[in-house]
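Q: Hey, can you walk me through this one? I'd like to go through it bit by bit and ask things on the way.

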Amino acid sequence: ELMNKVWEISVNTLKAGVQDTYYDCPTRERGGFVGDALLSSMPHLIITGDLRIYVKYLVDLLNSSRYSPAISAHVPSYNLNFCAEYSSLVPLFLENYYVYTGDKVFLKELLPVAEGVWDYFSDFLNDDGLLEAIQHIEKVPKTMAPILLDWPKNHRDDYDFDEFGHKGICTSVNMFFYGFLKTLAKLYRIVGDDEKAQEVAFSSF
């Protein structure tokens with residue numbers, strides 16, 4: 001009975017938050033944030049078997065590279081914005097697409113966009129091979145933080161976000177991009193480009 005209740009509330013959450021795209025929620029922040037979309041998209045695919053919204057979101061996400069290779073954090077939207085954590089999720093979207101469809105042709109077409117994300121962020125590598133002092137992309141308001149670090153200040157264990165989150169080395173972002181490179185290398189191996197996979201795997205870290 002308890003598991004049925006958990007299932008019911010989870011399915012109802014998807015019904016409310018997945019409409020013509022993946023929304024943060026249907027009321028307060030009715031926007032297609034990348035982090036929320038990653039969490040919502042796979043259970044939505046499993047429950048419905050309908051790939052159309054996933055493909056639409058994926059295309060919207062990757063099309064935002066026309067404005068910046070870093071990828072927008074919120075699509076579709078008239079308001080360009082980005083955060084490093086969300087940019088690092090692009091290979092996971094591609095991997096989930098391949099796992100669900102087995103479509104290597106479309107995957108191969110999309111991989112250069114993911115590599116473009118890394119081309120942008122690799123400019124912020126320091127001498128130790130870590131990302132440091134990530135800066136805003138062009139046209140993004142300076143009031144928007146380039147690193148999200150999405151948890152309340154009173155739960156950050158006194159982490160100095162201003163010094164280490166923006167100006168210094170943010171551990172969580174470096175961990176995200178470590179996963180980014182591992183996943184991107186795996187995807188290149190899937191499409192049969194072992195040389196590119198090797199290059200990506202050893203590009204940093």
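Predicted model: local features only at pLDDT ≥ 70, side-chain atom pairs only at ≥ 80, totals over all residues.

Q: Which residues of α5 are buried?

A: V90, P91, F93, L94, E95, N96 and Y97. Buried means under 20% relative accessible area, exposed means over 50%, and partly exposed is in between (1.4 Å probe, protein chains only).

Q: And what covers them?

A: The cover includes α2 (34-48), α3 (52-63), α4 (84-87), α6 (104-121) and α8 (171-190). Contact here means heavy atoms within 4.5 Å.

Q: What follows α5?

A: G102 does, and its phi is positive, near 70 degrees.

Q: You mentioned α8. How many residues does it have?

A: α8 has 20 residues, and from first C-alpha to last it reaches 29 Å, close to the expected 28 Å. Its buried residues are V173, N174, F177, F180, L181, T183, L184, A185, L187 and Y188. Their cover includes α4, α5, α6 and α9. Just after α8 comes G192, with a positive phi of about 90 degrees.

Q: New topic: how many salt bridges does the structure hold?

A: There are 6. A salt bridge is a side-chain nitrogen of Lys or Arg within 4 Å of a carboxyl oxygen of Asp or Glu. One of them joins the side chains of K5 and E1 at 3.7 Å, N to O, and both K5 and E1 are exposed.

Q: What about D60 and K56?

A: Their side chains meet in a salt bridge at 2.7 Å, N to O. D60 and K56 are 4 residues apart in helix α3, so about one helical turn separates them. D60 counts as partly exposed because its relative accessibility is 21%, and K56 is partly exposed too, at 36%.

Q: Where do K196 and E199 lie?

A: Both are in helix α9 (residues 194-201), 3 residues apart, or about one turn of the helix. Salt bridges that share partners join E115, K196 and E199 into one network. The bridge between K196 and E199 has its closest N and O atoms 3.5 Å apart. K196 is buried at 19% relative accessible area, while E199 counts as partly exposed at 47%.

Q: Now the rings. How many aromatic pairs are there?

A: The structure holds 12 aromatic pairs. Take Y54 and F93: their ring centres are 6.3 Å apart and their planes are at 45 degrees, so the pair is tilted. Y54 sits in helix α3 and F93 in helix α5, 39 residues apart, so to speak linking distant parts of the chain. Both Y54 and F93 are buried. Another tilted pair is W118 and F180, with 6.4 Å centre to centre and 35 degrees between the planes. W118 lies in helix α6 and F180 in helix α8, so this pair ties together parts 62 residues apart in sequence.

Q: What's the rule for a pair?

A: Rings of Phe, Tyr and Trp (its six-membered ring) pair if their centres lie within 6.5 Å; planes under 30 degrees apart count as stacked, over 60 as edge-to-face and the rest as tilted.

Q: Are W118 and F180 buried or exposed?

A: W118 counts as buried at 6% relative accessibility, and F180 is buried at 1%.

Q: Last one: which residues make the nonpolar surface patch?

A: W7, I46, I47 and Y100 make it, and it's about 440 Å². Patches are made of residues with over 30% relative accessible area and no salt bridge, with like charges joined within 9 Å and nonpolar side chains (Val, Leu, Ile, Met, Phe, Trp, Tyr) within 5 Å. Accessible areas come from the Shrake-Rupley method with a 1.4 Å probe, and for residues only the protein chains shown count as cover. W7 is found in helix α1 (residues 2-17) and counts as exposed at 55% relative accessibility.

Key
Residues numbered from 1 in each chain as written. Heavy atoms only, no water. Helix = DSSP H or I, 4+ residues; strand = E, 2+ residues; numbered from the N terminus. Expected span 1.5 Å × (residues − 1).
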